[in-house]
Amino acid sequence: MNTLAEAWRPFLDPLPLHDHVLWLLVPTALLIAMTWKAVRMPALDGSHNPKAGAYPKQVIVMGVQIVLAMLLLHAAFIVLVRFVLPMVAPMPG
């Protein structure tokens, strides 16, 4: 039996998570915020700029900003596709 042919190939056979994509938004946003803040903050403990706050607080704030921005973009595209595009380019029939 050839086990290589039966192996899971992540880029060719992705997991069927199409129904759960919105649940992946929160962890993805937090991981992006963690990475961004770890690279961009001068000191992770907030000692360089006391008004800026510590690393976890800034990660949470940026993660919430990312999630809200994605939800607003989602709503904007729904409005665009369902209301604006039918007025601009009506379908025959």
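A charge sits over a ring if NZ of Lys or CZ of Arg is within 6 Å of the ring centre and within 35 degrees of the ring normal. In this predicted model, the charged end of Arg40 sits over the ring of Trp36, 5.0 Å from the ring's centre.

Some ground rules before we go on. Residues are numbered from 1 along each chain as its sequence is written, and side-chain values use heavy atoms, with hydrogens and water left out. Since the model is predicted, local features need pLDDT of at least 70 and side-chain atom pairs count only at pLDDT 80 or more, while totals for chains, interfaces and linings use all residues.

**The overall picture**

The protein chain has three helices and zero strands (DSSP runs numbered from the N terminus: H or I of at least four residues for helices, E of at least two for strands). Of its 93 residues, 16% count as buried (buried is under 20% relative accessible area, exposed is over 50%, partly exposed is in between, with a 1.4 Å probe and protein chains only).

**Helix 2**

Helix 2 has 16 residues, so at 1.5 Å a residue it should span 22 Å, and its end C-alpha atoms agree, being 22 Å apart (the expected span is 1.5 Å times one less than the number of residues). Which residues of helix 2 are buried? They are Leu25, Ala29, Ala33 and Lys37. These cover an arc of only 80° around the axis, so they lie on the same side of helix 2 (the arc is that of the directions from the helix axis to the C-beta atoms). On the other side of helix 2, Leu31, Thr35 and Val39 are exposed. Helix 3 (55-88) is part of what covers the buried residues of helix 2.

**Around the loop**

Pro14 is found in the loop between helix 1 (3-6) and helix 2 (25-40). Leaving out residues up to four places away in sequence, Pro14 touches Trp8 and Arg9 (contact means heavy atoms within 4.5 Å). Arg9 also forms a salt bridge with Asp13, the closest N and O atoms being 2.9 Å apart (a side-chain nitrogen of Lys or Arg within 4 Å of a carboxyl oxygen of Asp or Glu). By this rule, the count is one salt bridge.

How accessible are these residues?

| Residue | Relative accessibility | Class |
|---|---|---|
| Arg9 | 40% | partly exposed |
| Asp13 | 31% | partly exposed |
| Pro14 | 54% | exposed |
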